[in-house]
Amino acid sequence: MSGLNASLGYFLAVVIFAASVRTLLNKWPRFFFILEFASSFMLVACWLEVQTIVEVGEWAGGLGPDVTVTMLFVVLLTHGVICGGATGNPTLVVMKFLQLDATTLPTLLAVAAHFLGAHVALLVAVYYWSLELTDMHMIKTLMARECSTSLLVTLLQGFFTECVCALIFHLVHLNLQRRCALIRVPLIAILLTFLSHTARGYTSAYINPSLAYGLTFYCSGFTFTEYAVVYWLGSLTGMTLALLLYMGHIPRIFAKNLLYFQKTRFRVPKGDKGEKKKM
């Protein structure tokens with residue numbers, strides 16, 4: 001339990017940091033990209049610790065799979081509550097850009113903030129592990145150079161897995177975007193937990209380019225380009241297909257609806273209505 005207590009303290013410190021940044025900058029919309037940085041930092045930092053518990057804690061700390069799945073769900077739920085509109089996910093920001101809801105510069109700043117937040121989270125996590133507060137973290141420090149990759153299948157299978165999971169996630173996200181947060185946030189957390197647990201033997205279904213960068217790009221087994229094809233191109237392809245299926249077109253690229261025909265409503269002239277009443 002000491003290992004779990006140390007992890008809970010780490011989670012709490014990261015959440016307090018993200019909540020503090022949101023509180024301080026909530027009144028200045030111009031600095032929205034800093035909120036995206038904090039959102040990405042929180043997501044990657046917490047997920048790295050959950051990944052450590054999955055890899056080491058199950059046999060070094062006596063923590064079963066039920067504990068790790070529950071912790072991942074709590075992390076995703078807390079992230080959704082604390083960060084609010086700051087998604088910490090480049091594909092969701094690019095999707096807003098494709099929907100004409102965001103311009104080029106804010107999109108680029110947000111994406112850059114995501115990857116910077118992921119990189120800083122990785123540095124913080126490595127430093128935290130080096131403190132060796134528990135046996136689990138001591139083992140993780142020894143394994144740091146030989147971390148196990150999340151991509152456990154071929155390049156084509158990995159791309160297909162991430163693409164399908166991203167397609168499902170973004171379709172659900174698009175359908176829930178106008179729902180109240182009380183319904184939307186828990187459902188999204190449940191969906192991401194389910195997809196991640198289901199695809200654990202394939203790619204872990206990160207569906208987030210910056211998250212994948214912080215969690216598995218530094219592990220041996222594949223090149224940077226191969227990781228990018230699976231976790232970046234796969235996620236972006238799934239997101240684009242989801243947007244196309246949901247709207248019937250990509251507003252940023254073309255305005256014509258390719259999949260769905262809009263119903264035209266014809267109004268009956270007032271004179272015709274009067275004649276029908278007389279008859």
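This is a predicted model: local features need pLDDT of at least 70, side-chain atom pairs count only at pLDDT 80 or more; totals for chains, interfaces and linings use all residues.
A salt bridge here is a side-chain nitrogen of Lys or Arg within 4 Å of a carboxyl oxygen of Asp or Glu. The side chains of E55 and K140 form it, at 3.0 Å from N to O.

**Salt bridge**
- E55 lies in helix 2 (residues 32-60), and K140 lies in helix 6 (residues 135-143).
- The two residues are 85 residues apart, so the pair links distant parts of the chain.
- E55 and K140 are both buried.

**Helix 4 against helix 7**
- Helix 4 spans residues 90-98 and helix 7 spans residues 155-176.
- Their axes come within 12 Å and cross at roughly 55 degrees.
- That angle makes helix 4 oblique to helix 7.
- The crossing of the two helices is right-handed.
- On the helix 4 side, T91, L92 and M95 make the contact.
- They meet F169, H170, H173 and L174 of helix 7.
- By class, this contact has four nonpolar residues, three polar residues and no charged ones.

**Loop residues with positive phi**
- L100 sits in the loop between helix 4 and helix 5 (104-130).
- Its phi is near 70 degrees, a positive value in a residue other than glycine.
- L100 counts as partly exposed because its relative accessibility is 48%.
- E132 sits in the loop between helix 5 and helix 6.
- Phi of E132 is near 50 degrees, again positive in a residue other than glycine.
- With a relative accessible area of 38%, E132 is partly exposed.

Note on methods
Residues are numbered from 1 along each chain as its sequence is written. Side-chain values use heavy atoms; hydrogens and water are left out. Axes are lines fitted to C-alpha atoms, for helices over the stretch in contact, and angles run from 0 to 180 degrees between N-to-C directions. Helices (H or I, at least four residues) and strands (E, at least two) are DSSP runs, numbered from the N terminus. Angles under 35 degrees count as roughly parallel, over 145 as roughly antiparallel, 65 to 115 as roughly perpendicular and the rest as oblique. A crossing is left-handed if the near helix is turned anticlockwise from the far one by less than a right angle, and right-handed if clockwise. Contact means heavy atoms within 4.5 Å. Ala, Val, Leu, Ile, Met, Phe, Trp, Tyr, Cys and Pro count as nonpolar, Asp, Glu, Lys and Arg as charged, and the others, Gly among them, as polar. Buried means under 20% relative accessible area, exposed over 50%, partly exposed in between (1.4 Å probe, protein chains only).
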